[in-house]
Amino acid sequence: MLSVRVTLRRRRWLSLAVAVLLLLAVSLIATSWGAAGIPASAVARILLGQGEYPATWQTILFQIRIPRIILGGIVGMTLAVAGAVYQAIFRNPLADPYLLGVSSGASFGAALAIYFVWRFSWGGLNAVSLAAFGGAMLATAAIYSLGRVGGKAPITTLILAGVAIGALLSSATTFFMFTAREAFHTINLLGWLMGSLALADWARIKTIAPYVAIAFGVIAYYSHILNVLQLDEEQAMALGVEVERVKLLIIASASLATAAAVSVSGVIGFVGIIIPHMVRLIWGSDYRFLLPMSAILGGLCLILADGLIRLLFAPRELPIGVVTAFLGAPFFLYLLRRYKKEVFYF
Amino acid sequence: MVLLEVKDVHFSYDGKPVLKGVSLQVSGGEILGLIGPNGAGKSTLIKLIAGILAPQEGAIEILGRPLKSWRRQDLAKVVALVPQGAYIPPTFTVWESVLLGRTPYLHFPGIASKKDIEAVQRAMEWAEVGHLQDKFVGELSGGERQRVILARALAQEPKVLLLDEPTAHLDIHHQVSTLKLIQGLARAEGLAVLAVLHDLNLASSFSDRIALLVEGKVLAQGSPEEVIVADRLHRAYGSGILVMSRPDNSTRPIVLPDLRIS
Ligand SMILES: Nc1ncnc2c1ncn2[C@@H]1O[C@H](COP(=O)(O)OP(=O)(O)OP(=O)(O)O)[C@@H](O)[C@H]1O
Ligand SMILES: [Mg+2]
């Protein structure tokens with residue numbers, strides 16, 4: 001009987017290895033996709049440091065495409081991991097990284113920055129990104145403190161506080177969108193709300209990477225505790241988990257990482273909710289495996305979606321959420337039909 | 001040796017008193033059955049002992065040490081709980097669910113050691129779920145799931161075992177085998193067992209002592225024949241209960257519903 005368990009574990013490790021290779025392969029291939037028609041062979045040789053090619057090609061590759069791919073990977077990983085974490089903590093299949101106000105707070109911040117034409121910048125981030133980051137963190141902090149009841153933060157009150165604050169902020173964002181003085185402000189805001197990696201550069205990567213790294217560290221440290229948190233809180237306490245402390249730490253980490261990602265990419269939907277479910281459907285709920293696998297597939301998903309935008313629509317930019325949902329939703333429905341396991345919790 | 005001691009514990013939910021001065025003791029190797037009507041406060045008492053709730057007055061001692069002075073992680077190595085109607089996500093395998101019992105022993109990154117794996121395997125055999133280990137919890141029957149939760153508690157290798165309705169979904173074979181297993185473990189490993197049992201016959205057959213909890217107070221405490229007495233049960237549950245002696249001359253009384261009394 002032991003061998004079946006070992007087989008399951010081997011299958012998981014093998015799948016993880018394949019996913020990593022796939023991520024690397026897609027990342028490499030995606031370097032040859034884009035508006036400037038650089039042949040794939042030339043890209044390969046430039047990457048290997050061989051051959052003589054125009055300096056502009058070098059610039060496009062190293063200053064535009066590669067940062068864009070790396071940023072896409074970071075954002076995709078963050079959204080998938082944060083979604084997985086939220087689904088465990090809230091024991092709710094509909095939980096996504098935006099459940100506690102990260103998107104409504106970020107959107108509100110971005111709307112303020114665009115509406116009032118703020119011009120400050122820091123660490124390669126413009127005012128829109130900074131205001132979005134600040135808005136996201138403030139909204140999450142507000143929701144967490146409003147959702148607390150007598151020293152505890154019950155998940156239902158957190159979710160409901162999130163719904164209320166989210167509605168409030170969204171109405172303000174919509175107000176700014178409709179009353180903007182210039183039409184292009186509205187378009188900018190709309191574009192930001194739907195997410196894009198078009199502004200990717202090394203400075204943005206360097207600025208958000210530390211936040212994401214710290215958050216991932218904390219989440220990885222608690223990955224086996226996340227298995228326990230999928231039970232109810234009383235069982236988790238009886239199994240020795242300091243539920244309130246761990247919950248606060250994990251929510252703070254996931255929100256920090258998501259806020260950092262959203263501040264540079266705008267609100268990208270779908271990845272954070274679907275990828276963890278996909279992993280759960282195929283490989284089960286053990287978070288020691290689910291988290292790394294979700295991270296890899298989340299990164300892969302965004303790099304692929306963004307690559308397709310460049311391949312098929314360049315030089316036009318399309319919101320990335322359009323592609324992730326258009327291709328991801330049918331694929332997910334297929335998985336849902338094929339693995340008719342009872343994934344959901346109610 | 002007394003492993004669990006509850007001293008004059010009072011507890012109320014938001015000002016609504018539920019436990020009004022409860023005291024009891026359980027020694028190693030002993031099974032204390034806790035009976036009482038719905039809403040008497042049995043589950044509340046169990047949660048207080050598991051450290052899920054904190055008493056407003058009185059004290060609880062585990063292995064002679066005040067509950068408050070235990071770190072939660074250390075407490076979970078000594079006290080294990082089988083909760084009433086507990087939920088396990090359906091996409092966990094049985095093996096993974098039982099491994100959760102090792103949580104207090106695991107450190108980052110949560111890889112099970114040989115010792116953990118042995119404890120899990122032993123617990124699964126005890127609870128008769130070894131043959132299910134690769135199944136997903138969503139594919140189990142209610143009784144099988146209940147035994148998985150018992151296995152998880154046993155994997156904690158506790159000294160004090162708290163059971164809230166451990167036989168609720170079990171057929172008669174598994175009711176008896178589960179309680180026999182628990183009895184055997186109590187004797188062999190010196191476990192102190194506190195078990196909430198709604199079935200008065202099971203409580204009578206398996207408990208060394210029984211405590212009858214009514215409206216947050218211990219109405220009676222003692223051997224089965226001292227507690228399972230008609231007028232006591234009538235005071236606790238109302239009329240409609242017939243207490244008889246067993247045909248096999250055991251001292252443990254049996255209880256039947258009495259439909260003649262309205
Ligand atoms: N979380 C809670 N908040 C408020 N009141 C509660 C809570 N849990 C239980 N109670 C109340 O406390 C009383 C005791 O509940 P408890 O669950 O301890 O009863 P019990 O003896 O286990 O009953 P049962 O036999 O039905 O399981 C009941 O009146 C119940 O309504
Ligand atoms: Mg109860």
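The expected span of a helix is taken as 1.5 Å times one less than its number of residues; helices (H or I, at least four residues) and strands (E, at least two) are DSSP runs numbered from the N terminus. The structure is a predicted model, in which local features need pLDDT of at least 70 and side-chain atom pairs count only at pLDDT 80 or more, whereas totals for chains, interfaces and linings use all residues. Residues are numbered from 1 along each chain as its sequence is written, chains are lettered from A and ligands numbered from 1 in the order in which they are written, and side-chain values use heavy atoms, with hydrogens and water left out.

Helix H5 of chain B comprises the 14 residues 142-155. Its end C-alpha atoms are 20 Å apart, which agrees with the 20 Å that these residues should span. H5(B) is mostly covered, with twelve of its 14 residues buried (under 20% relative accessible area; exposed is over 50% and partly exposed in between, with a 1.4 Å probe and protein chains only). Among the buried residues are B:Glu144, B:Arg147 and B:Arg152, together with B:Val148, B:Ile149 and B:Leu150.

B:Glu128, in the loop between helix H4 (114-126) and H5 of chain B, has a phi of about 55° although it is not a glycine. B:Glu157, in the loop between H5 and strand S7 (160-164) of chain B, has a positive phi near 50°. Most residues other than glycine have a negative phi. B:Glu128 is partly exposed, at 32% relative accessible area, and B:Glu157 is partly exposed at 30%.

B:Ser43 belongs to helix H1 (residues 42-49) of chain B, and B:Gln84 to the loop between strand S6 (79-82) and helix H3 (94-99), 41 residues apart. B:Gln84 is partly exposed, with 45% relative accessibility.

Ligand 1 is surrounded by 13 residues, the closest being B:Gly39, B:Lys42, B:Ser43, B:Thr44 and B:His198; a residue is counted if one of its heavy atoms lies within 4 Å. A backbone N or O atom of B:Gly39 lies 2.8 Å from an oxygen atom of the ligand. A polar contact is a pair of N or O atoms within 3.5 Å; within protein, one must be able to donate a hydrogen and the other to accept it, and residues adjacent in sequence count only if both atoms are side-chain atoms. H1(B) contributes three residues, the largest share of the shell. Strand S2 (16-27) of chain B supplies at least two.

In chain A, A:Ser104 is found in helix H4 (residues 102-115) and is buried, at 9% relative accessible area. A polar atom of its side chain lies 3.4 Å from the backbone oxygen of A:Gly101. A:Arg45, in helix H2 (residues 40-47) of chain A, is partly exposed at 39%.
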